[in-house]
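Student: I have this one open on my screen. Let's go through it, starting with the terms.

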Amino acid sequence: MNDSGTPDEPTPEPLELILVREHTVYSCVMGSRAFGLATEASDTDRRGVYLAPTPLFWRFEKPPTHVEGPRDEQFSWELERFCELALRANPNILEVLHSPLVEDLTPVGEELLSLREAFLSRRAHVTFSRYAVSQRGKLLGDLRNHGAPRWKHAMHLLRLLLSCRDLLRTGDLVIDATPYRDRLLAVRRGELTWEETDAWMALLQEETEAALATTPLPESPDLPRVEAFLLRTRRTSATATRTGT
């Protein structure tokens, strides 16, 4: 009740939560659970893609390009932003498209997953390598300042390098690191020395460079195919809104 004695009107639900709850087209589990590296202490990281209704883009205030939450360790992108990042070969985004642990999938999400190879190109070599250099720099900083790297981060960098090498070799992105699980978890536990860990990183980088010379990946992603999907999806959303379906 308010001061006048009339019932308070319910607080409108934030648009961000509505988009994630009602318009998610694809969601999955990522992190250690998707990589085959989970332990009893591992969190459950969730990632998703939502399709904002087309009429929301006709206003001055556009719908959000991403939403954090509402659950812990949950993050979602609007479809257009997700596709934009995937076309740039953003490592985190490409891996989301290849999670083996799918939780929600609509027909639009199925079509998005059918485009996985359209996003893959030799650009991945640049983006994955750039990310690896950045992460190795942080590990070296930890080594200088604290006497040891963050071993969990070292493990995930090695996993990323393995994924990139095999992507360039085969043209397929596989994020399941189960074949390397024992050694990667040994890195996480600090059972390998930094010298051994760094030598493994250097070897993987050399193998990645060698794979680039013969990779089956195209020079660029299939932008027209992805754009056609996005435009078709936006038109369908607009029509559904007008007809109330």
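Tutor: Buried means a relative accessible area under 20%, exposed means over 50%, and partly exposed is in between, with a 1.4 Å probe and protein chains only. The model is predicted, so local features need pLDDT of at least 70 and side-chain atom pairs count only at pLDDT 80 or more, while totals for chains, interfaces and linings use all residues. Residues are numbered from 1 along each chain as its sequence is written, and side-chain values use heavy atoms, with hydrogens and water left out.

Student: Is Cys83 buried or exposed?

Tutor: Cys83 counts as buried, because its relative accessibility is 2%.

Student: And Cys164, buried or exposed?

Tutor: Cys164 counts as buried because its relative accessibility is 3%.

Student: How many disulfides does the structure hold?

Tutor: The structure holds zero disulfides, a disulfide being a pair of cysteine sulfur atoms within 2.5 Å. For Cys83, the nearest cysteine sulfur belongs to Cys28, 14 Å away, and Cys83 is in no disulfide.

Student: Zooming out, what does the secondary structure of the chain come to?

Tutor: Eleven helices and five strands. These are DSSP runs numbered from the N terminus: helices are H or I with at least four residues, strands are E with at least two.

Student: What box do the C-alpha atoms fill?

Tutor: Roughly 70 × 50 × 30 Å along the principal axes. The chain has 245 residues, of which 44% count as buried. Its accessible surface is about 13,300 Å², and carbon and sulfur atoms hold 52% of that. Such areas come from the Shrake-Rupley method with a 1.4 Å probe; for residues, only the protein chains shown count as cover.

Student: Where do the charges sit on average, positive against negative?

Tutor: The mean positions of the 30 positive and 37 negative charges are 4 Å apart. Lys and Arg count as positive, Asp and Glu as negative, and His and the chain ends are not counted. Each charge is placed at NZ of Lys, CZ of Arg, CG of Asp or CD of Glu.

Student: Which residues have the most contacts inside the largest nonpolar core?

Tutor: Leu112 and Phe119, in a core of 59 residues. Helix α8, residues 151-170, gives this core its largest share, eleven residues. There is a second, separate core of six residues, among them Leu19, Tyr50, Leu56 and Val67. A nonpolar core here is a set of buried Ala, Val, Leu, Ile, Met, Phe, Trp, Tyr and Cys residues joined through side-chain atoms within 4.5 Å.

Student: What does Phe119 touch?

Tutor: Leaving out residues up to four places away in sequence, Phe119 touches Cys83, Ala86, Leu87, Leu94, Leu97, Leu112, Pro221 and Val226. Contact means heavy atoms within 4.5 Å.

Student: Back to the backbone. Which peptide bond is cis?

Tutor: The one from Gly69 to Pro70, with omega near 5°. Pro70 is in the loop between β3 (66-68) and β4 (74-78). Glu73 is also placed in the loop between β3 and β4. Glu73 is not a glycine, yet its phi is positive, about 60°.

Student: What about Ala89?

Tutor: Ala89 has a positive phi too, about 65°, and is not a glycine. It sits in the loop between α3 (79-87) and α4 (91-96).

Student: Ala89, buried or exposed?

Tutor: Buried, at a relative accessible area of 1%. Glu73, by comparison, is partly exposed at 41%.

Student: Now strand β3. What is His66 in contact with?

Tutor: Its neighbours within four places in sequence aside, Tyr50, Phe75, Ser76 and Trp77. His66 is in strand β3 and counts as partly exposed at 43% relative accessibility.

Student: Last one: where is Trp194?

Tutor: In helix α10, residues 194-212. Trp194 is buried, with a relative accessible area of 10%, and touches Leu139, Leu140, Leu143, Pro149, Trp151 and Met201, not counting residues up to four places away in sequence. Gln205 lies in helix α10 as well and is partly exposed at 29%.
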